[in-house]
Amino acid sequence: MAAETQAATPAAKAGGPNHGLRIFLIWIVLALAADLVLWFVLGPHIPPGRLGSAAQGQQFDNNVMIAMSAPVLVLVLVYFTYAIVVWRRRPGDDADGPPLHGHSRIQALWITVTSVMVLSLAAFGTYELIVPYGAGGGEGPSPIWNPPGAELTAAAQQRPWAPGHVLVVQVIGQQWRFTYRYPGLGGFETTELVLPVNTMIQFDVTSIDVIHSFWAYQLGVKADANPGVDNVAYTKTQHLGRVTVRCAELCGLWHGAMFNYGKVVTVPQFQAWASSTSVALADVTKLLPPYSTTYDPTEIAHLGPVLQKLGLTGAGGGYYPPQDPSQP
Amino acid sequence: MAIETEPGTTQHPGGGQPAGGAARRPWWMRPAIHTGLIGAVIGYAFGHWLGNLIASGYQQVGTSDQNDTAIVLGYLFMVIGWLAGLGVFNDLFKQMAGRRLAEAENGNGPGGLAQYFRFHLDHKVVGIQYLVGMIIYFCTAGLLAMGIRTELLSPVHHVFSSATYIEIVGEHGTMMMMLMTSVILGPFGNYLIPIMIGSKRVAYPRLEALSFWLTPAAFMILLSALLLGGFHMGWTGYPTLSIQDTSGADAYAFAFGLMGISMTLAGFNILVTVICYRAPGMRWSRLPMFVWGILGTAVMMALAAPVLSGGMYMLLTDRTVQTAFFTDQLGGSTYLWEDVFWFFGHPEVYILALPGFGIVCELLPVFTRKPLFGYKVAAAGMIGVTLLSFFVWQHHLFDSGINPDMRPLYMLTTEMISIPTGFIFLVGMGTLWKAKIRFTVPMLFCFAFFFNFLIGGISGVFNSDAPADVTEHGSFFVMAHFHYTIMGGLIFAFMGGCYYWLPKMMGIKLNEKLGYWHFWLMFLGFNSTFMPLFAVGWLGQPRRVFEYALRLQTLNDWVSISSYVLGFSILLFVINFVWSTVVTRVRETGNPWESRGLEWQIPSPPPAYNFEHVPVVLSGPYEYGSEGSEPVADLNPPVGVLAAAFSGSETARAEA
Ligand SMILES: [Cu+2]
């Protein structure tokens, strides 16, 4: 910059380039460009996709926050770059800068704008959390934001399921596997997550040993699996497709290997799968403890070896020999 | 009593009398690190024996083939033996016996290199001890991170077994999170705060020295977990995993709890020092911003760290004497742990941010040659972060089901914390306005701090949004976020502080050319390592896994290779540190940065008791550019001025 008019007084506006205007112009152009590109080009590809309604809601949230934060990011970066380029010390210039201690209008403006942004983001987040029934996150045993037809007691969950209604799927976490129990379809338990399309799913997540976290990525669902707690989460399946399930809470040696895959299929396909699986597992289902929202592995530990032999786990007490995890 | 009222009388940290001519014993007979180690070995053997005596009949010990009681008691007596061997309790017993405290025995005399290996009551010695200790801890934990990245080079081929991998992850996380809380408060806070506020000493030199000597114990105990089979629950130690885990979990809980005590003591000492030991004229409105930052940190440490120690104690009793705080079937709850842990854990992450804010606010005026823009805004930002930090912890538990209906509340408090954080950016940007920026190495680290913390802060807003957090929670996105704030913020500020203050603390300037290399490699290596991890997390990779989706291998490999560059840059720093302070030793005793800070107005390194006379502070530390502004302090005030200043405060105290 050739403009070397160094006004040493605080009233430095007179003479010299109008730095504020320059920064503002560069910022507004770059911020607008960034927002347009991010919203229209990158936006549709932002994770976690649109297979579940909760996932779609999260994608929308991410996009709104990207659109809001990009101008902030651009402003700070433009300002710092401008400062580094323009306000660097010239060789041989050992003088001090102008003694500006503050600027009350700019300070008030900054505080007002950031406060308004932050508060509106909090209001937006609250709306996006409550309206889509908890946005796919775990809501504890008795959620107050739930869809019509939600089944919150073990008895209600065991009423036969019909297409169009909320489908209850119990997820049982244990080291190092998730199993799924379908109380509305006879109460069988499988290692395979199969879901009907265009259906509101209610996951009832629990654990029989340590804390896990059930993360169905494409559905936008994450709910901690706590021992002795029923943690409910909602999402609506919107397309056919594959679902990746990973454990998202460190649960021991093979936490990294605790994943499997599920699928969203058509309603007739789902019904066919459910009835055939129900029949195939009928012998095992008889051995399982009665359906419940949580299980106490110490009470049913004698079933463990039986079920291990049958290749089934979870509700029946899992892989553990009775004294491990050691209970006093 | 705040400050010695008579200028010229020497103050004795710890209240000891001047040396009474006691003959010095040979070095190996005086308490130091070697006697501490002997004490530790004896203590462990005794504690282990005692634990076996008490607990070998427990049913749990019989079935599990491990005696946690013996291990915990071993650690307990080991720490007592270590401290006794260091001579921590000597003065206590001497005073109880009515004997005079000889200064030489306290380690207060002038004493070369040996003094750094002893329990020493001079805050400047403790500061250097902390500095070297922190660099060692940071590098150890950093090497473990290299191990993690090496394992993640391939999604299917494994360098480590799954057990070893989880042990490395846990050691890296715990070591960083427990010891780096003191990475700035320990060295720079202890060394510089008394000098910056014009005091000859700290309030509680014994607590300060004790807070340091607990850190090597915590470090060694944490590492010893590897000998006991490691621990497999990460740094958060969630039960019931941490209750069923092998004996390594005892080491985790004991070390972390011990470090909680160290943090409490360190924070309490700084807190009282800043409030009570300011020189006359050092008003709250003239307090350097670094002191404000450390003050906020000290408040959080003093209030949050005791909760950590309590939680760790509960975990240890669950593991040994079979209490059931966290066992669901016996009336306990894993939620209790999550609450207690994060009630500490969230203030902690601001313990890991605020000192960095302090350093950049302190350095910017010096290298822009301008007053700090909006001093009150900066102080308000730090106070705001300190207060809000105690009201956000449930955002770690958005998906846990603990209190789902309160998520909007915690979303609000969490997002509100970006308002005071934004103040720091306003202050930084305002200070740069029409500045005369000097691109020294410390200034480059300040710029990098703002860049990194900007990304860390904005990604934090994504995490605070409960719906978006459903995907991000527990994924690499969160991991990248907090590495941007802690590594990118705290550690970059620490490095800036090293280059800036080492001439003050050691009278030696670090090599500048190596410094520029270090900076650029670290800045590029850091961003190249952690920027892609946002994408990795968003694309579905959970934390602490050793197997991941094949399609994410390219990104993971990029990150791993960048992390080696980052590691190399830290190696350059260590080389620079050792090369400059041990080999070349280029003296720098003046005020190389032409700073107005009070600490730069006295010789480097500062003499014993810092100031010959208690200074009278005349103006703020950032009055650059004002013609004829007063010097920052009168280092040799006329006796009348001092007396007047003190009589005012004395009467005020008498009236209160
Ligand atoms: Cu798991």
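User: How far apart are the centres of domain 1 and domain 2 of chain A?
Analyst: Taken over C-alpha atoms, the centres of the two domains of chain A are separated by 38 Å, in what is a predicted model. The bounds, which come from an automatic or database domain assignment, are 17-87 + 119-132 for domain 1 and 154-309 for domain 2.

User: And how many residues are in contact between them?
Analyst: Ten residues of domain 1 of chain A are in contact with 15 residues of domain 2 of chain A, where contact means heavy atoms within 4.5 Å.

User: What is the mean pLDDT of chain A?
Analyst: The mean is 83, with 86% of the residues of chain A at 70 or more; pLDDT is the predictor's confidence in each residue, from 0 to 100. Helices (H or I, at least four residues) and strands (E, at least two) are DSSP runs, numbered from the N terminus.

User: Where does pLDDT stay under 50?
Analyst: One such stretch is residues 1-14 of chain A, for which the model has 14 contacts beyond four places in sequence. Residues 310-328 of chain A also have pLDDT below 50, and this stretch has 50 contacts in the model beyond near neighbours in sequence.

User: Switching to the metal: which residues are the protein donors of the copper ion?
Analyst: They are His212(A) through ND1, Cys247(A) and Cys251(A) through SG, and Met258(A) through SD, at 2.1 to 2.6 Å from the ion. Donors are N, O and S atoms within 2.8 Å of the metal (3.2 Å for Na, K and Ca), and since water is not among the atoms, sites may look incomplete. Along the chain the donors follow the spacing H-x34-C-x3-C-x6-M.

User: Why is the arrangement tetrahedral?
Analyst: Because the four donor atoms subtend angles of 94 to 126° around the copper ion, and four donors count as tetrahedral if all angles lie between 85 and 135 degrees.

User: Are Cys247(A) and Cys251(A) buried or exposed?
Analyst: Cys247(A) is buried at 0% relative accessibility, and Cys251(A) is likewise buried at 0%. Buried means under 20% relative accessible area, exposed over 50%, and partly exposed in between (1.4 Å probe, protein chains only).

User: Which residues touch the most other members of the largest nonpolar core?
Analyst: Among its 275 residues, these are Tyr182(A), Phe203(A), Phe214(A), Phe188(B) and Trp501(B). Helix H20 (residues 476-506) of chain B gives the most to this core, 20 residues, and at least three residues come from each of domain 1 and domain 2 of chain A. A nonpolar core is a set of buried Ala, Val, Leu, Ile, Met, Phe, Trp, Tyr and Cys residues joined through side-chain atoms within 4.5 Å.

User: Last one: where does Gly187(A) lie?
Analyst: Gly187(A) lies in the loop between strand S2 (177-182) and strand S3 (188-190) of chain A, and is buried with a relative accessible area of 6%. Leaving aside residues up to four places away in sequence, Gly187(A) touches Arg181(A), Tyr182(A), Thr285(A) and Leu288(A).

How values were computed: Residues are numbered from 1 along each chain as its sequence is written. Chains are lettered from A and ligands numbered from 1 in the order in which they are written. This is a predicted model: local features need pLDDT of at least 70, side-chain atom pairs count only at pLDDT 80 or more; totals for chains, interfaces and linings use all residues. Side-chain values use heavy atoms; hydrogens and water are left out. Four donors count as tetrahedral if all angles lie between 85 and 135 degrees; four count as square planar and six as octahedral if opposite donors are over 155 degrees apart and all others between 65 and 115; anything else is irregular.
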